[in-house]
Amino acid sequence: MSTHETTGQTQSLTLVQAVRDGLYTEMSVDEDVIVMGEDVGKNGGVFRATEGLWEEFGDDRVIDTPLAESGIVGTAVGMAAYGLKPVPEIQFSGFMYPAFDQIVSHVARLRNRSRGRFTCPMVIRAPYGGGIRAPEHHSESKETFYAHEAGLKVVMPSTPYDTKGLLISAIRDPDPVIFLEPKLIYRAFRGDVPEDEYTVPIGEAATRREGSDVSVFTYGAMTRPTMEAVEELAEEGIDAEVIDLRTVSPLDRESIVESFKKTGRAVVVNEAPKTGSLAGEITAIIQEEALLYQEAPVNRVSGFDVPYPLYALEDYYLPNAARITKAITETVEF
Amino acid sequence: MSVLERDPGDRVQVLDEDGTVVGELPDIDDETIVQMYHDMVLARHFDKRAVSLQRQGRMGTYPPLSGQEAAQIGSAHALGDDDWLFPSYREHGASLVRGIPLEQTLLYWMGHEAGNKVPDDVNVFPVAVPIATQTLHATGAAWAASLKGDTDTAVLCYFGDGATSEGDFHEALNFAGVFDTPNVFFCNNNQWAISVPRERQTASETIAQKATAYGFEGVQVDGMDPLAVYKVTRKALEKATAAEPPDSGRRPTLIEAVQYRFGAHTTADDPSVYRDSDEVERWQAKDPIPRLESFCRDRGLLDDEAIEAIESDVADRVAEAIESAESVPRPLPEALFESVYETMPDRHHDQLAEIEAIREEHGDEVFFE
């Protein structure tokens, strides 16, 4: 079945190129994988995440759909149940809401409702997050909605290597995955990515920096300002550990607790509005499993509880190195 | 027979591509025609400057309207004082006609919340970026006008050909048909929803014919013919406000204005990836501005001098609007929390204090590094 030849080579790719490479690789090894969405075909996606796939795999596997998100996700449910592995793209995560009923009522629950008779193995990809001076409704970070829904897995990578490996894992996963891509860092840097197929497991966090004074939990685009803050603080003698969650549902409880037991202090950094965000869930995990190790209150550096602003205000909205530095310092000095 | 009572595929036209009269003229005075010409030239010039501002990094992503002036200006001029307008995100020209200042439109695309604040006396809804959502709002507003007995009020709603694929569009038209709401649904069919051609949105021969399924009239019009657009929209608005039989009472209409977007979907889009330059050239031959100019010259409504005066006025107005928008200072952090609720909750005070503490300690610039 596979026409994909292994090369053993590594390429230097941006995160969005790694998305494209992950799709290309998995489409090459599994002919049931199809890509569908608005402008994913001839145009190659508005961020070029599907560039060249239409030319390579044709109209039946790289499908420009009518402009209808509920239509895209709803038909993907039927396709997945029938035996295809659809990878629908929603052009921006802010446009997922017409499909929300399909995602919550059917994608997440088809296995459960049919007691396993029908399943819904699909990956819904969408760019998320702010910082690119985008128009209204193009910058939200609403992963909480999907993490709140049993039956879905939610992946949010932060490096090109993880992006390809997690995307392939997501496509092979027997359950539906919401794959949220940090568009702020789509092209911010390059990383080594193997040309061959490989997987990065869903549900496992990565330690980006080892440290002993405080654990900083983050994911997606916020890993960058977090690393910036932490490197600066290292010069001042604060030794922070940075855990990149990579998957926000299911959370890697073991890694969160293990790191916290070592440091006794935690800061969570994410760009979702603070109230109800996953920062609260991570705090609760620490309370439940490591209370007696706790040396300071858990500090949350999140987006504010407002509609994501138009871009003239977004620099005040998004967590930056100054806010992260302040939170880490306060937590360490508590 | 009303211009609305025809086959949905029988496209209404008043001016041909050269500006020669080929159909029955609407009931319109010369002054309005000249004003429409002026507004189309203004919209075109505004558009050109806006694209250039984006290219220079002085404005964010912007959706150009070039090619679509007749549809916007022609229909907006047909509206009466009491009518409401529900735009999508490309109708800067129509918004201008209805009283949204140019600097307001610029501010919005420059990322200022203030740009979204419609003046108090203007009944135009804020721009709708999500696709087709505004069609339901338009039905609701029209329904309310009907329920409250506001017989002079009709509601015009713009959306694109892509929007007709969304569920909201069908629900909006269905409610309108069931409840006899005074709506005019105006589809700016510009042939392309970003890279997806109109043929791929629907297998229907026309978009206008979709109205039949909802139990009301649909009409197709040459959307690059401002007089045809005016005529059809005026008739649809009259039907929407016709109080009593024998005019059969208030009924909605779907107008499909066939037109072309000369430029990109937005400044972030590159149309050369998905469409041929031949196609663009074919549509450029239908450019609404020279068509109306030619008509006006033939009728003695415009001469070289008048046109020069219009062009100079338009350039001044746009330059002033740009200067005014660019002189608006960057908003302060408290603007983040403004108008989220009627009363600012405690947690917003706390969150604003968090920003202010950083500004005090490190200066405002740490947010913009």
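1. The C-alpha centres of domain 1 and domain 2 of chain A lie 26 Å apart. Domain 1 of chain A covers residues 11-194, and domain 2 of chain A covers 206-333. Both belong to a predicted model, so every point below is a reading of a prediction.

2. The two domains of chain A touch: 27 residues of domain 1 of chain A are in contact with 23 residues of domain 2 of chain A. On the domain 1 side of chain A, at least two residues each come from helix 6 (143-147), strand 6 (153-155), helix 7 (160-172) and strand 7 (177-182) of chain A. Helix 6 of chain A gives the largest share of that side, 4 residues. By class, the side of domain 1 of chain A that touches domain 2 of chain A holds 13 nonpolar, 7 polar and 7 charged residues.

3. Helix 7 of chain A also meets helix 1 (residues 15-29) of chain A; their axes come within 8 Å and cross at roughly 35°. The crossing is right-handed. From helix 1 of chain A the contact includes Leu15(A), Ala18(A), Val19(A) and Leu23(A), and from helix 7 of chain A it includes Pro160(A), Leu167(A), Ile168(A) and Ile171(A). The residues of this contact divide into 8 nonpolar, 3 polar and 3 charged.

4. Chain A has an open sheet of 5 strands in the order 9-11-10-13-14, with mixed pairing. Strand 9 (206-209) and strand 14 (299-303) of chain A are the edge strands, each pairing on one side only. From one strand to the next the twist averages 25°.

5. Within that sheet, strand 10 (residues 214-218) and strand 11 (residues 240-244) of chain A run parallel and are joined by 5 bridges. Val216(A) stands opposite Val242(A) in strand 11 of chain A. Helix 10 (residues 278-290) of chain A lies across strand 10, strand 13 (266-273) and strand 14 of chain A. The direction of helix 10 of chain A is at about 155° to strand 13 of chain A.

6. Chain B is divided into domain 1 (30-326) and domain 2 (333-367). The C-alpha centres of domain 1 and domain 2 of chain B lie 38 Å apart.

7. An open sheet of 5 strands in chain B has the order 1-2-3-7-6, and its pairing is parallel. Its edge strands are strand 1 (84-86) and strand 6 (217-222) of chain B, which each pair on one side only. Neighbouring strands of this sheet are turned by 20° against each other on average, direction ignored. A student may recall that strands of a sheet pair through backbone hydrogen bonds, either parallel or antiparallel.

8. The bridge partner of Val219(B) in strand 7 of chain B is Ile255(B).

9. The chains meet through 34 residues of chain A in contact with 38 residues of chain B. On the chain A side, helix 3 (69-82), helix 11 (314-317) and helix 12 (321-333) of chain A are the elements that give two or more residues. That side has 19 nonpolar, 5 polar and 10 charged residues.

10. On confidence, the model scores ipTM 0.94 and pTM 0.96. Chain B has a mean pLDDT of 96, and 98% of the residues of chain B reach 70 or more. Where pLDDT is low, the predicted coordinates should not be read in detail.

Definitions and conventions
Residues are numbered from 1 along each chain as its sequence is written. Chains are lettered from A and ligands numbered from 1 in the order in which they are written. This is a predicted model: local features need pLDDT of at least 70, side-chain atom pairs count only at pLDDT 80 or more; totals for chains, interfaces and linings use all residues. Two strands pair if DSSP finds at least two bridges between them. Axes are lines fitted to C-alpha atoms, for helices over the stretch in contact, and angles run from 0 to 180 degrees between N-to-C directions. Domain bounds come from an automatic or database domain assignment. pLDDT is the predictor's confidence in each residue, from 0 to 100. Two residues are in contact if their C-beta atoms, placed from the backbone, lie within 7 Å. Ala, Val, Leu, Ile, Met, Phe, Trp, Tyr, Cys and Pro count as nonpolar, Asp, Glu, Lys and Arg as charged, and the others, Gly among them, as polar. A crossing is left-handed if the near helix is turned anticlockwise from the far one by less than a right angle, and right-handed if clockwise.
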